[in-house]
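Work through the two exercises below with the structure open. Each one has a task and a stepwise solution.

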Amino acid sequence: VKPLQPPAPATWLLKLLGPQRNAEALAGDLLEEFREGRSRAWYWRQVLAAIRWRSNLLVFVFVAGYAWYLAGSSASRPFATVVVTAILLASFYLPGMLSTAKKIVVGVVILILGVLLFCYLPDFRNTYYWSCVPMIVCNFVFHREYQSQPSFKISYRELLFGDLQAERSRLISQLERTTSEETDPERRQAYEHSLEALRLKSGESRQCEEES
Amino acid sequence: LFYHDFFCMIDEMMRRGSPADFELMVMLAVMRLGSEAYGVPISREIEQQSQRVVVLGSVYAALERLETKGLVSSVLGRPTAARGGRAKRYFRVTTKGLREVREARRAYMQLWHGLPELEGGRA
């Protein structure tokens, strides 16, 4: 039996306009809940609530404004604005849905196309539409997936005076990550034992600190 | 407790990047769930305890803010078929987070203390 699938447009919208950080975890959670009997309407509501409307609106306003400025005072200004806005928006959002190789290929193709248009189409050169080409190419070539922050950052205080408790907490979080990523059961168990010992030690020293 | 003290306390909380109301609820839910704290159980826990509808997206938004402040940390679990091959992200309250929760409780208790309107069953 094929497992129940949530509405595809909603999932696509979540990937496109949803949060960058924790996007996979959120999508997984929504799917898990949906398969446990939540309705399609519930899924849609959750997706619409998860979309970062403010930041996406900001991008839209910036892009539309730039397109309006580029279109100048020609008779076809509204049409040109819509087309340029659509192209620029696609260059903002599409890279997130492509693999690195595809992003680079698309970026290079657009660059070649832009150079050709610049050389052989005087209208393209004179109306400053060419300025969109470097922007689009950069969006494709330099787009990076969100990488979560490293779990520890050393503070100046810790660096200068040393903080054993903070060091333990860092070791614990690092070991937790290693344990969750380990596939070998024996090694995983060994990591878990070390984690328990560290947590115990950490708890004891915290208790001593509180008592003192 | 004078109004001046109240605003000083709020100022102090804001300056230190203390958790807001919903963030505090999320942190408490994470603490209650222990090692099983990921998006779905966290939102269910808040729904059950506070009797209000919780959107998963807002739970993650709060968790992101808390992680930026260093009050919670997270690890990725294993991807499972039930989740379409997506991994769970487990959250844990850090030592700093625990300190902030204690501090928030102390501040709230101090604010609640001695309010005649809140004593007894009726408003």
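**Exercise 1: a helix pair**

The crossing of helix 6 and helix 8, both of chain A, is left-handed. Keep in mind that the model is predicted.

Task: Find which residues make the contact of helix 6 of chain A with helix 8 of chain A, and work out how the two helices run relative to each other.

Solution: 
1. List the contact. Helix 6 of chain A gives K103(A), V106(A), G107(A), I110(A), L111(A) and G114(A). From helix 8 of chain A come V133(A), I136(A), V137(A), F140(A) and V141(A).
2. Sort these residues. Eight are nonpolar, two polar and one charged.
3. Take the geometry. Helix 6 spans residues 100–120 of chain A, and helix 8 spans residues 132–141. Their axes come within 8 Å and cross at roughly 165°.
4. Apply the cut-off. Angles over 145 degrees count as roughly antiparallel. Helix 6 of chain A and helix 8 of chain A are therefore roughly antiparallel to each other.

**Exercise 2: the chain interface**

Task: Describe the contact of chain A with chain B by residues, buried area and salt bridges.

Solution: 
1. Count the residues. Chain A brings 34 and chain B brings 30.
2. State the area. The two chains bury about 2600 Å² between them, with 45% of it on carbon and sulfur atoms.
3. R21(A), N22(A) and D29(A) supply 21% of the area that chain A buries against chain B, more than any other three residues.
4. Check the charges. Seven salt bridges are found across the interface of chain A and chain B.
5. Inspect a pair. E32(A) forms a salt bridge with R83(B). Their closest N and O atoms are 2.6 Å apart.

How values were computed:
Residues numbered from 1 in each chain as written. Chains lettered and ligands numbered in written order. Predicted model: local features only at pLDDT ≥ 70, side-chain atom pairs only at ≥ 80, totals over all residues. Heavy atoms only, no water. Axes fitted to C-alpha atoms, helices over the stretch in contact; angles between N-to-C directions. Helix = DSSP H or I, 4+ residues; strand = E, 2+ residues; numbered from the N terminus. Parallel < 35°, antiparallel > 145°, perpendicular 65-115°, else oblique. Left-handed = near helix turned anticlockwise from the far one by under 90°. Contact = heavy atoms within 4.5 Å. Nonpolar A, V, L, I, M, F, W, Y, C, P; charged D, E, K, R; others polar. Buried area = accessible area lost by both parts, 1.4 Å probe. Salt bridge = Lys/Arg side-chain N within 4 Å of Asp/Glu carboxyl O.
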